[in-house]
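Please view the sequence and the structure together before reading the notes.

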Amino acid sequence: MEPITGKALVLACSAIGAGLAMIAGIGPGIGQGYAAGKGAEGVGRQPEAQGDIVRTMLLGAAVAETTGIYGLIIALILLFANPLVKLLG
Amino acid sequence: MEPITGKALVLACSAIGAGLAMIAGIGPGIGQGYAAGKGAEGVGRQPEAQGDIVRTMLLGAAVAETTGIYGLIIALILLFANPLVKLLG
Amino acid sequence: MEPITGKALVLACSAIGAGLAMIAGIGPGIGQGYAAGKGAEGVGRQPEAQGDIVRTMLLGAAVAETTGIYGLIIALILLFANPLVKLLG
Amino acid sequence: MEPITGKALVLACSAIGAGLAMIAGIGPGIGQGYAAGKGAEGVGRQPEAQGDIVRTMLLGAAVAETTGIYGLIIALILLFANPLVKLLG
Amino acid sequence: MEPITGKALVLACSAIGAGLAMIAGIGPGIGQGYAAGKGAEGVGRQPEAQGDIVRTMLLGAAVAETTGIYGLIIALILLFANPLVKLLG
Amino acid sequence: MEPITGKALVLACSAIGAGLAMIAGIGPGIGQGYAAGKGAEGVGRQPEAQGDIVRTMLLGAAVAETTGIYGLIIALILLFANPLVKLLG
Amino acid sequence: MEPITGKALVLACSAIGAGLAMIAGIGPGIGQGYAAGKGAEGVGRQPEAQGDIVRTMLLGAAVAETTGIYGLIIALILLFANPLVKLLG
Amino acid sequence: MEPITGKALVLACSAIGAGLAMIAGIGPGIGQGYAAGKGAEGVGRQPEAQGDIVRTMLLGAAVAETTGIYGLIIALILLFANPLVKLLG
Amino acid sequence: MEPITGKALVLACSAIGAGLAMIAGIGPGIGQGYAAGKGAEGVGRQPEAQGDIVRTMLLGAAVAETTGIYGLIIALILLFANPLVKLLG
Amino acid sequence: MESTNFIIKFLQWLMTFDKKALVLAASAIGAGLAMIAGIGPGVGQGYAAGKGAEAVGLNPESGKQTTMVMLLGAAVAETSGILALVVALILLFGNPLVNAKGAAIVVAASAIGAGFSMIAGIGPGVGQGYAAGKGTEAVGRRPKYQPNIVRAMFLGQAVAQTTGIYALIIALVLMFANPLIKLL
Ligand code: NA
Ligand code: NA
Ligand code: NA
Ligand code: NA
Ligand code: NA
Ligand code: NA
Ligand code: NA
Ligand code: NA
Ligand code: NA
Ligand code: NA
């Protein structure tokens, strides 16, 4: 009979922490979608400025992606390079 | 009588973590829907620019999809290639 | 007397994970509803462009559906093809 | 004295999972309400296009309903055709 | 002395599940309120179209109500016709 | 020492379920507030249509109230006519 | 070591339930604030209609308050007239 | 047999805390996406002011990033320089 | 075998509390992003007023930052100057 | 007596802790929950900031006046954030529950309940900030009607505050005049 160890508890909670961290992705999804809509609207109105509009949209969307990436990085750390388990010794 | 092992706890919390990660999908859903609405509006107003509008809408929507995909990937890792269980040894 | 096994814990948490994954559906619901409203507005203003408007609305809505489908797939996997239980051995 | 069995735990968590899955209904509620508002606005402005406006609104609202239905289906599966309990054996 | 049985656990979690299911009601509340606002605006602008506006608003609001009703039905099933308790045997 | 009975667990979770059900009230609060704002705007613009505007606003707000009432009813049932406790026998 | 009684568990969960019920207050706060903003805007545009605008805003805000009050009532019942504890006997 | 120690509990909850902290990233994602959309719109309308528009958009987006960074810092502290474990002694 | 001490429980919950406090950061992220968008729009329209627009945007964004800072302060107190552990004695 | 029932086991595990530790641990979570209210002022004041920037651009000559209205409205919208901060600081530095009599689990749960309650403050924060933004916009358009506009804005903001006050009252009752403890 192998009981639940401290290591197992840390790993189990890391799975939940990884899932929680991904929720940050709601933000870039909404924001970039807004930018997509405004970009599409702008391109329809000023087709001659399409290059500038799409470039600005993509630049702004790249900025908006960062916190989603932060969440992904924290999740990947929890899953693949878990520093908490190492701390347990 | 087979008690709850550490492995079972990690796998159980992985199921919850996978579910949590999917919540990120709220974002792209809202954002891309906004883009869809703006695209439809634009196409109605400037039918001659339909190609540009739809292309910009789809490009922007592709960008907005990423964090939803991140969530899906983390969920799939938790379900099918769980690194936490391997760490348990 | 049959106590709680590890298998039961994994299956119980899979039920919760499946429920959580469905919450992603909030996004497409809001987004596609926005597209529906913009589509209806556009059709009222430019009845002659109805075909283009509705087609763009539906194309955009299809894109917005994906993360809701991802959530559904993860839930169905947890319920009907649970890989975590198999890992338990 | 009858202890809590694994079956009871799975069924208990299924009740919570079913409740969580229904939360998806927030999305279609907001989205379709937006469509309703835009439809009412459009009908007031272009009464002659009422048929087209209402048809587009209802088509878009039907698309927006799907993720709410997904949530309902997962909840009904958890309550009435629970595959997790069967897996318990 | 009557200890906590599996039946009690299922019923306890059914109470929480019922509460969670009601949260879906956020959606129709927001959406129908939006429709109400647009309807009031429209009636002020085009009083002669009041009948059409209110009818469209109510039709759209009825569509937006469904996911709130789904949540209510799941809650009522959990409270008054709990199929999970029956499964316990 | 009086131990925890199954009845106590069901009643305890009913308190949490009742609290969760009230969260539905977020929706009507936002929606009806939107209607109030649109009504006030409309009355300022078309004072002569004040009667129609306020009537439509109130009709729409009544529709938007329903899911808040559903939540209240489920909470009151959990608190004052708890069917789950009766099921415990 | 002080044992937990059933009564203590019910009261503890009532405290949490009361807190959860108050979350409903998010809705009226947002909605009435929207109405306040629209009212201020309207008063700036049509100062001569100030009376009508503010009256409509307040009427609509009163309607939007109800679900916040429902949450308060449920919390007060849980705290000061707890029917669940009485059911415990 | 190594049971769950206090250290393990602190580390496990740190994993959950780190995940929760990342949720802050929803905000910058939405806000910066809005800025991206407005920037794209502005660049389309006043291409001659592109430099000023993009500079203002990026300046504002940098300000909007801070709370996402705060969340990331707290998560990194919890994972890599956990002061709570040190307090345990 | 060393049991979990009260100190460990307080520190573990402090990690969760710190994570929860950071969620406040959603607000400033959204709000400041909105301000960034409006600032970019304004600068495009009235380039001659760029100084005033950016100054007002930054002043307003500074005001909007405060609650994110409050959350950060509470999290830092929980992590680095935990008054609860001191109270434990 | 070793119970096999996991709920009893968990509750017995909780009871192995000192009452004070249990209450303090719950207070840490309660303080974190209360801070979530800060979402509201952040969104609302950001809206006001955007509207302020817009108004100043459209009407630079009344820039000082519109900025003043923006700050006034935003100050009101800060309320929920301040109230949440105060509740969190009380839980951390002047916790009345630590010395409260009664069952540990009820006292601990009250700290969490107080934290949940404060989350309601999101609403007034968002709403009052919206009103601040609209008020700022309106004053920017028609500066001479500032008194009327600001009066309507404040009146509406006051109405929007109520659910935040209700939540504060419930939190204070749970912390300082807990009727549940007495029921035991
Ligand atoms: Na970012
Ligand atoms: Na993205
Ligand atoms: Na998608
Ligand atoms: Na859909
Ligand atoms: Na519906
Ligand atoms: Na309704
Ligand atoms: Na109401
Ligand atoms: Na910031
Ligand atoms: Na602030
Ligand atoms: Na109020």
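This is a predicted model: local features need pLDDT of at least 70, side-chain atom pairs count only at pLDDT 80 or more; totals for chains, interfaces and linings use all residues.

Residues are numbered from 1 along each chain as its sequence is written, chains are lettered from A and ligands numbered from 1 in the order in which they are written, and side-chain values use heavy atoms, with hydrogens and water left out.

**Confidence**
- The model scores ipTM 0.97 and pTM 0.97.

**Sodium ion, ligand 10**
- Gln32(G) (OE1), Glu65(G) (OE), Val159(J) (O) and Thr162(J) (OG1) coordinate this ion at 2.1 to 2.4 Å. Donors are N, O and S atoms within 2.8 Å of the metal (3.2 Å for Na, K and Ca); water is not among the atoms, so sites may look incomplete.
- Gln32(G) belongs to helix α2 (residues 26-45) and Glu65(G) to helix α3 (residues 50-80) of chain G, and the pair, 33 residues apart, links distant parts of the chain. Helices are DSSP runs (H or I, at least four residues), numbered from the N terminus.
- Both Gln32(G) and Glu65(G) are buried; buried means under 20% relative accessible area, exposed over 50%, and partly exposed in between (1.4 Å probe, protein chains only).

**Sodium ion, ligand 5**
- The protein donors here are Gln32(D) (OE1), Glu65(D) (OE), Val63(E) (O) and Thr66(E) (OG1), at 2.1 to 2.4 Å from the ion.
- Because Glu65(D) lies in helix α3 (residues 50-80) of chain D and Val63(E) in helix α3 (residues 50-80) of chain E, the pair joins two chains.
- Glu65(D) counts as buried because its relative accessibility is 10%, whereas Val63(E), at 22%, counts as partly exposed.

**Interface of chain G and chain J**
- The contact (heavy atoms within 4.5 Å) takes 51 residues from chain G and 50 residues from chain J.
- The two chains bury about 4100 Å² between them, 76% of it on carbon and sulfur atoms; this is the accessible area (1.4 Å probe) that two parts lose on being put together, summed over both.
- One salt bridge is counted between chain G and chain J; a salt bridge is a side-chain nitrogen of Lys or Arg within 4 Å of a carboxyl oxygen of Asp or Glu.
- Glu41(G) forms a salt bridge with Lys134(J), with the closest N and O atoms 2.8 Å apart.
- On the side of chain G that touches chain J, the elements giving two or more residues are α1 (6-22), α2 and α3 of chain G.
- The largest share of that side, 16 residues, comes from α2(G).
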